[in-house]
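Visitor: I've just opened this one up and I'm new to it. Could you walk me through it?

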Amino acid sequence: MRPSTRLLFLLALCGFGLLPWYFTEGMGLRTLGWLSGYPLGKGGSGLALGLSGTAPWLLPGGAMLLLAGLAWPRQDEQRAATILLWAGALGFLLFFLQGFAITLRGQGIPWLAALFGAQGAAQAGMGPGALVTLVGMLLLFCHGLAYRGFCRGDVFTCSMIGLLILMIGLFIFFPVVTVLKGALIGNAGTFDPGAFLDRFLDSSIWGLGCLTRDVSCGVAWNTLLLAVLCGAITTLLGLASALLILRTGMPAKWLLRALTVLPIITPPFVIGLALILIFGRTGLVSNVLYEWFDVPRTRWIYGLPGVLLAQVLAFAPIAFLVLIGVVQGISPSLEEASQTLGARRWETFSTVTWPLLRPGIANAFLIGFVESMADFGNPLVLGGNFEVLSTKIFFAVVGAAHNEGQAAVLAMVLLSFTLGAFWLQQRWLGKKSYTTMNGKGDAGLPTPLPRRVSWLASATVIPWVILTVVIYVIILTGGFVKSMGRDYTPTLEHFLTGFRIDFSRGFYFEGAAWDSFFTTVKLAAISAPLTAIVGLLAAYLLKRQTFQGRGALEFSTMLSFAIPGTVLGVAYILAFNVPPIEMTGTGLILVIAFIFRNMPVGVRSGIAGLSQIDKSLDEASATLSARSATTLWRVVLPLLRPALIAALVYSFVRAMTAVSAVIFLVSAEYNLATAYIVGRVEAGEFGLAIAYSSVLIVVMALGIAIIQFGVGERKLGRRATETGAAPVVAGV
Amino acid sequence: MMQKAGPASVEFRNVTKRYGTVTAVNNISFTIEAGSLVTLLGPSGCGKTTTLRMIAGLEMASEGQILIGGKDVTRLSAADRDVSMVFQSYALFPHMTVLENVAYGPTVKRVPKAQAHEMARNKLAVVGMKGYEERLPSELSGGQQQRVAVARALVLEPQVLLFDEPLSNLDAKLRRRMREEIRDLQRKLNLTVAYVTHDQEEALAVSDRIIVMSNAVIAQEGAPRQLYEEPADVFVADFIGDANLVEAEVVSVAGDRAEVRLGPVTLSLPARGMKPGKAKLAIRPESLLIVEAGGPNLLPGTIRKCAYLGNHLDLEIATEAGDFYVTRHGTREIMPEGQPVSLAFADYGVTLVPGG
Amino acid sequence: MVQKARRKALMIALAGSALMMATAAKAQGTLVLYCSVQEEWCRPMASAFEKETGIKVSMTRKSSGETYAQIKAEASNPRGDVWWGGTGDPHLQAAEEGLTEAYESPKMAELHDWAVKQWKGSQGRTIGIYAGALGFGFNTKQVASRGIPEPKCWSDLINAKLKDEVQVADPNSSGTSYTMLATLVQLMGEDKAFEYLKALHRNINQYTKSGAAPAKATSLGETTIGITFMHDMVTMVVNGGPVKVVAPCEGTGYEIGSMSIVKGARNLDNAKKFYDWALTPAAQKLAEEAKSYQVPSNKNVVPPPQSPKLADVKLIDYDFAKYGSSAERKRLLSKWDNDVKKLPK
């Protein structure tokens, strides 16, 4: 056995023999009360609990661990590999199965528990000991594979692939499957496909009454309608601005570009909130219209128009960023070719430019579509009686009716919509190459837009720009006046309510928002680097290593992209509230939710970054005796800085602004800023909500600056002219 | 810390590499003696680079055994093999200076920094790159980058040094100089080198032995001269140098000599195990001598094309035995099209080729 | 070198944050409090208890419906200790489903009868901490501009002139709104009550999620009339909103804001400490400071002057046992869903 494998074996042994096997309440290093009775008791080790008869079902797995030890003295690696493969796989399986078979009393998998000789027994969630042992067994298996020459014999790569598969299985597939299972469980708590059909076919989901009568349509149709409109309008706006910026001499282009960054660091529902302050019944515009023109105040903003407007404002920048890349990618020489063939501007535009744009437009549309489907904050704030799937799922879980089965069914519908869109996107765009850039210098000048197109584009973009500016003015000033829309007396009241510090007894963070604020910043700061690490590591494995099932793995990392936050939130609650993995109410579950929701961005920017880095650099490093871990750290990572920054910034910002998933996962101890703000909005305390939001925006801007500074510039070699790989990503 | 292992032999035993259903290398066996320079030569897609990468550990053999210095390394990762490689693209780390690049190997092996830098400076001096230590790779010319890449590969004094088409990005003159330098270095430092190229001239110039690969198998293995003068088959004859491949007839075989008839000409050539009957004859263009028409045992023909190439002429001559490509040194006089000539055969560069 | 220093600084920052997470261990004695009144009241309650006892309180504010859902979801593995505040129905429902723990506080003698009645009706599993009558409020400016008489009764709310001008929470998500549903059924009889609700449906502009939200909306003028508990509207009046609070002339129901100990509470002793403390006059006085104008359940607390006097309100004899039961609740809610909510506007 190689030294690294021996170390691993010792660690696994330690996990089984010494570390507390279970997760117990009050576990921590400050107070050790939970350790009473060690090595037995609540904090006992797996070995002790197994031998003492408290948890004998742990022994078979332990035996496998000892079996792996037989490989220790082996010089012949192939023999050692055989032992490691068998012992690792069986041990992992045994530990894993006992965890799922034996959980709380009356749950788990009874027949399997009986096989373990633990009929009717119960056990707590897996703790540090179980974690170390389980991962250790998996890695021993991976080492065995590496001995066999898998992953070019690289132990590190094999281990990382194993870990990645485990994590994706545990934190993406397992929760989703749990939700889907939940859809098949009837009210009585038993398997009941009939109940599923009833719920699935319910008219509140698929009803088409709005077409014939004056009732609201099914929530699925509402969601689809909203998403299609949102996708279409954001694409139109994005295209118009991209064309204006790249193909006209429009003044103040910087403004347009700046406006595309702001919504990215804005908590999603804040735009909805600002819209209420502008267009609500007592909003700025409504006031003016009413007092000057006697236009009656209405509530048009609550419902489809309001939600759509908020979503368009929030997501159009993303469409813009996608489309500006596409417009830039169209080689001017193609258009020039058309012109030299005698085509006029309009003909060139309609016969050459437009067809080249089409696939990019499809992409932008699908992103807007999926974003809208997944959006939770804006429908919550502005929806009124217009229900969409994401909010309906939420109310199915938290409402008085408390119908998890219904939530699961709704989640399935939503998931199938987003997966469908995702599939379409992959299928459609996988086949077509929509960029004409080839790395060669392209000397041509872009054709200016035909005049009618440029007028049309301006007419679309200018109102949007004005509205966006107004909204940000409101967001930044709204916190400083008593009550937007009613009383414009300047005040610091809202900030004091939220962020008062009492200096009379040292520092006492008295303000109402401090708790959630600290928690949010802390969790975002922890999860951002972890997300980046997992994402970039996955990208490295996917892009640089060849192994069986790589395609499937890549698809599943992208899958979590298509899972709307509400669905993931429900899934996590259902999956991780009971042993073997018991995390609800902890900060850990939030961190994990952030990691696996935002990981695809790390993966994408990592893949984009890696494709610019010659693979032979890695190989050169390997032939200079560097193992993959060293190569990653010393060669790949320094060159991936732009991707690293993109991943860090994105995951930090997303963790700060996430609503949909976390609203289910926040707890007393770990409340988050967004959940708190949503509560304030619900209670009508717009001042505090706005004030808090503007604080968040400032903190995020600061955080981004710190990340930029901390990661630093990539030392520029021959790649000096490359633009950073900051991919535009649809975080769903 | 850094014990010198000295050069080691490389042995392939029935090695096969498959990617899915595609077989890149099919059941090949060969040995590279310690301290020799062996070239893997062949057209693109023949499996030579895959073979090299299997020595490095960048690809894992699907079947068979690979030994380095007599030790089985078949399942060892690249990092665990004492092998360095110079890449076609040089693969210098763009974010590191020249010195950091060369010192990379030792630092990975946890040699103290000062010592690692010392080792790096030594090797840079060996390749003549003293004074460039603090430059970034992007600030070097192609040839300089090449030298740095070589220094970096040398710094760990590996058992085996691999070159993957190291000269293909250089211009013709530099290529010639660099290949001489590589050869000198290999001799001076007594290295085992495996060298991949598709350029037969380069291979002939630098190698102790050449392994010619074609379609995932070894077509022929031998010393450069052996390959050029006694090609094992039509492919090798054609690939190593230029050759006129024509149908001829073996009239009789006596001992190791054969009487071969080509049109009106009869030649006495080494038999190479051929039986009487039809046979392929490989004739190097420089072995066809243009003489006055009318002598005995000559092949008459007419000039079809004549091109002036500075130090020699390229001619195409039509004869009853087929069209021949002929080079003519030592004259600068262009021969007019249609002029009748006679071809004589030199006593070198004309050989029977076994097999189809 | 600058590079290195930067990298180090970053590493330290990361390590630091990881450490913070790791050592955020629980202090001696904690209490997980689920709070179902508004934030402004929840926070002082938590910090006052913290100051007084040194027990670290982790508080989550969620509506009573959400909290009930959470406790139910967590039943196999409870996380909360005490559920304080929120309308009594979900507390009763939780008691009925055995999600909460019976406890007899030594402070019982100091409480009003209605609070003790709640305790008895739930086999000691939940207790009254405040009471408030259901009513509605209207925005005086809006009513004036619309030229309609000030509404005084439930029947005034179905005036056709008030189309899209009434706001109330969705009874599925709000205890307040369920109280209205149950009140109307008891007041008018089920059939008539549903006729009324259907008529009202035409005037509703939005069924909000939280019970108190219509109060704020009324104050802001986003709606003309909001149906809430009267004390929620009083808060708006106190804050200077153009709002008038109405106790409906036909009579109205009321809620008994309740408190329960979660079954299987991990900090049971601390939960009991909080329970006892929350019934003291000192704790109940915090309501007034938080601008909450319910009637406190401890007899020794003088209700705030702004509180609607229960004596002045025509209260019905609300049957908490019946309308708090799971079955009745489900039945009424699904009937409302099918007969009212799905109707065209």
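Visitor: How many bridges join strand β11 of chain B to strand β14 of chain B?

Guide: Keep in mind that this is a predicted model. Strand β11 of chain B covers residues 244-254, and β14 of chain B covers residues 277-283. The two run antiparallel, and the number of bridges joining them is seven.

Visitor: Which residue in β14(B) is the bridge partner of Glu247(B)?

Guide: Glu247(B) has its partner in β14(B), a strand that runs antiparallel to β11 of chain B.

Visitor: How many Å separate the centres of domain 1 and domain 2 of chain B?

Guide: Chain B is divided into domain 1, residues 10-234, and domain 2, residues 242-353. Taken over C-alpha atoms, their centres are separated by 38 Å.

Visitor: And where the two domains touch, how many residues on the domain 1 side are charged?

Guide: Five residues of domain 1 of chain B are in contact with six of domain 2 of chain B. On the domain 1 side, two are nonpolar and none are polar. The charged ones number three.

Visitor: Let's turn to the other chains. Which elements give two or more residues to the side of chain B that touches chain A?

Guide: Here 26 residues of chain B are in contact with 27 residues of chain A. The elements of chain B that give two or more are β6 (83-86) and α2 (98-108).

Visitor: How many residues on that side of chain B are nonpolar?

Guide: The side of chain B that touches chain A includes seven polar residues and two charged ones. The nonpolar residues there number 17.

Visitor: What about chain C: which pair of chains has the most contacts?

Guide: Chain B and chain C do not touch, and their nearest C-alpha atoms are 12 Å apart. Two pairs of chains do touch, and the one with the most contacts is chains A and C.

Visitor: Where in chain B is confidence highest?

Guide: The mean pLDDT of chain B is 90, and 98% of its residues reach 70 or more. Confidence is lowest in strand β15 (residues 288-291) of chain B, at a mean of 88. The highest, at 95, is in strand β3 (residues 37-41) of chain B.

Note on methods: Residues numbered from 1 in each chain as written. Chains lettered and ligands numbered in written order. Predicted model: local features only at pLDDT ≥ 70, side-chain atom pairs only at ≥ 80, totals over all residues. Pairing = 2+ DSSP bridges. Helix = DSSP H or I, 4+ residues; strand = E, 2+ residues; numbered from the N terminus. Contact = placed C-beta atoms within 7 Å. Nonpolar A, V, L, I, M, F, W, Y, C, P; charged D, E, K, R; others polar. Domains from an automatic or database assignment. pLDDT = per-residue confidence, 0-100.
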